[in-house]
Amino acid sequence: MTLVDIQGLNVRLGGNTVLHHVDFQIGTGEIVTIVGPNGSGKSTLLRAIIGAVKPTSGQVKPAKDLRIGYVPQTLHIDPTLPITVCRFLGLPSRVSTQIANEALIGAGVEGLGNQQMADLSGGQFQRVLLARALLNRPNLLLLDEATQGLDQLGSAAFYRQIEDVRRNMGCSVLMVSHELHVVMSASDRVICLNGHVCCEGAPEHVASAPEYRALFGSGTQGALALYRHEHNHSHDHQDGHDHSHSNNHEAAE
Amino acid sequence: MMLDSFLVRAALAGLGVAIAAAPLGCFVVWRRMAYFGDATAHAAILGVALALSFSMSIFTGVLTVALLMAALVSSLSGRGFAMDTLLGVMAHSALAFGLVAVSLLQGARIDLMAYLFGDILAVGKTDLAVIWIGAVLVLSMVTWRWSALLTSTLNPDLAYASGINPRREQLVLTLALALVVAVAIKVVGALLISAMLIIPAAAARAFANTPERMAIIAAGIGAMSALGGLQLSIHFDTPTGPTIVGLAAVLFALSGVGDMARRAGQG
């Protein structure tokens, strides 16, 4: 079933066309990743889905039973605003301590309820944001570069958490990320965005598409190699030939 | 009757303003809108001039101009100028035009000081009714929208994702601010309304671990300042509005010292 159906979406912000004729659908249970250079409209696409930016033309059609869990890119809490983790989870609708604790366990940060948000580490903060996003039992989880500011280990652990969440809750995940290797291997589908949809499809398809290479060029060769490496392992048993072929290919790069 | 005493009326007026200003002041501090309070408050002088020349009540004149100012700032924000520049221009030009307009009024020798610094000892029964109706209205608005306002303050996108329109919440907040300015002008005056919004909230920060507690503690500190400042001003024969604000500032300084001592104790 389609959860969000976007057709012919154009968004102009401050005189600039940020998104140009974007068609996009996401269905139940999918993990979809949006990649693209800075300023390519990735965050704007997510913000159009939550209704924070209005389409200049085209439409964003949510399913009737769509429940969105949204993890923003950054959340700066002013130091003059005192707020505990528990109270933060209860915004905008109050939740019982038990439900708050369950959400914290689900996000891998048990027992933080009484801490001040300002005292959390970067990793804990992102997981609390995740916990809040999970509170209304979303069927679509939106993550906007949710691992910004985390180190490699931290972000790898965060994405494992996302996979757990999807397994346990069965929700679809739509995420924006720069960390191509980590994200692409976990995705069912990758959208390469640069104002418009350059290319989309299975991760291996997008990684080899000329449009994708034109955008990401040589800077991501390491990431691609890592991605292919992981990918090959999953296919080792089925197709020995492909394995050796890809190895040659990697060496050539 | 109790309300016949000008001191009792003054105390009740101060309490009403302090309690209404506290939760709004917290939002002003959290959202870094300190200048916004200034802009609406300074525009109030223009409202006074307007009220005198069209022989409306001062409250109506001030409320009209404060609302206009709020609407203007809301619609101009995010269009090329930084918010603080925009507010700086509007706050001081409104004050300047207001002062000029007052001086042009024929025949009326009005006591401008009373509007700049308030005249709490001259609060009449009607004033008191206006102040408390305004306070109750502001408190109901803020309580009704509390969660949505707080979510929008944390992050507008989080608000959108929860089905809240942060622009609408901002409008509610600005309306409430305009209302507080209009009812407070008699008590502390146009120049010191911002202080009644910001200082108690800032002082409360040190003692609060949730937003709700900060608002309640701010109300307490505001009430203490209003009642204590009133007594001090009578005792030392000083102007009441500035004395109230001065006492609030002293409480703010003490809260800072207390907070440092507490942290040192923990560390």
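I took helices (H or I, at least four residues) and strands (E, at least two) to be DSSP runs, numbered from the N terminus. I noted that this is a predicted model, in which local features need pLDDT of at least 70 and side-chain atom pairs count only at pLDDT 80 or more, while totals for chains, interfaces and linings use all residues. Residues are numbered from 1 along each chain as its sequence is written, and chains are lettered from A and ligands numbered from 1 in the order in which they are written.

**Entry 1. Chain B as a whole**

I looked up the elements of chain B and found eleven helices and zero strands. Along the sequence, the pattern of chain B reads α-α-α-α-α-α-α-α-α-α-α. I then looked up the radius of gyration, which is taken over C-alpha atoms, and the globule rule, which is 2.2 Å times the number of residues to the power 0.38. Chain B has a radius of gyration of 18 Å, close to the 18 Å that the rule gives for 267 residues, so chain B is as compact as a globular protein of that length. Along the principal axes, the C-alpha atoms of chain B fill a box of roughly 60 × 45 × 35 Å.

For burial I used C-beta atoms placed from the backbone: a residue is buried if 20 or more other C-beta atoms lie within 10 Å of its own, exposed if 12 or fewer, and partly exposed in between. Of the 267 residues of chain B, 52% count as buried. For contacts I required that the C-beta atoms of two residues, placed from the backbone, lie within 7 Å. Among the contacts in chain B between residues at least 6 apart in sequence, 74% join residues at least 24 apart.

**Entry 2. One residue of chain B**

I selected Val142(B), which is found in helix H6 of chain B. Is Val142(B) buried or exposed? Val142(B) is buried, because 20 other C-beta atoms lie within 10 Å. Leaving out residues up to four places away in sequence, I found that Val142(B) touches Pro23(B), Leu24(B) and Ala176(B). Pro23(B) is 119 residues from Val142(B) along the chain, yet their C-alpha atoms are separated by 7.5 Å.

**Entry 3. Where the chains meet**

I recorded that 22 residues of chain B are in contact with 20 residues of chain A. On the side of chain B, the elements that give two or more residues are helix H1 (6–30), helix H6 (125–154), helix H7 (156–161) and helix H10 (211–236). For residue classes, Ala, Val, Leu, Ile, Met, Phe, Trp, Tyr, Cys and Pro count as nonpolar, Asp, Glu, Lys and Arg as charged, and the others, Gly among them, as polar. The side of chain B that touches chain A has 13 nonpolar, six polar and three charged residues.

**Entry 4. Chain A and its domains**

I found ten helices and nine strands in chain A. Of the 253 residues of chain A, 38% count as buried. Domain bounds come from an automatic or database domain assignment. Chain A is divided into domain 1 (2–67 + 140–211) and domain 2 (78–136). The centres of domain 1 and domain 2 of chain A, taken over C-alpha atoms, are 24 Å apart. Ten residues from domain 1 of chain A and eleven residues from domain 2 of chain A take part in the contact. Helix H5 (residues 152–169) of chain A gives the most to the domain 1 side, with four residues.

**Entry 5. The sheet of chain A**

I took two strands to pair if DSSP finds at least two bridges between them. In chain A, six strands form an open sheet in the order E5-E6-E7-E3-E8-E9, with mixed pairing. Which strands are the edge strands? They are strand E5 (68–71) and strand E9 (197–201) of chain A, each of which pairs on one side only.

The bridge partner of Val190(A) in E9(A) is Gly201(A).

**Entry 6. One residue of chain A**

I ended with Ala214(A), found in helix H8 (residues 210–216) of chain A. Ala214(A) is exposed, because 12 other C-beta atoms lie within 10 Å. Ala214(A) and Gly51(A) are 163 residues apart in sequence and 31 Å apart in space, C-alpha to C-alpha.
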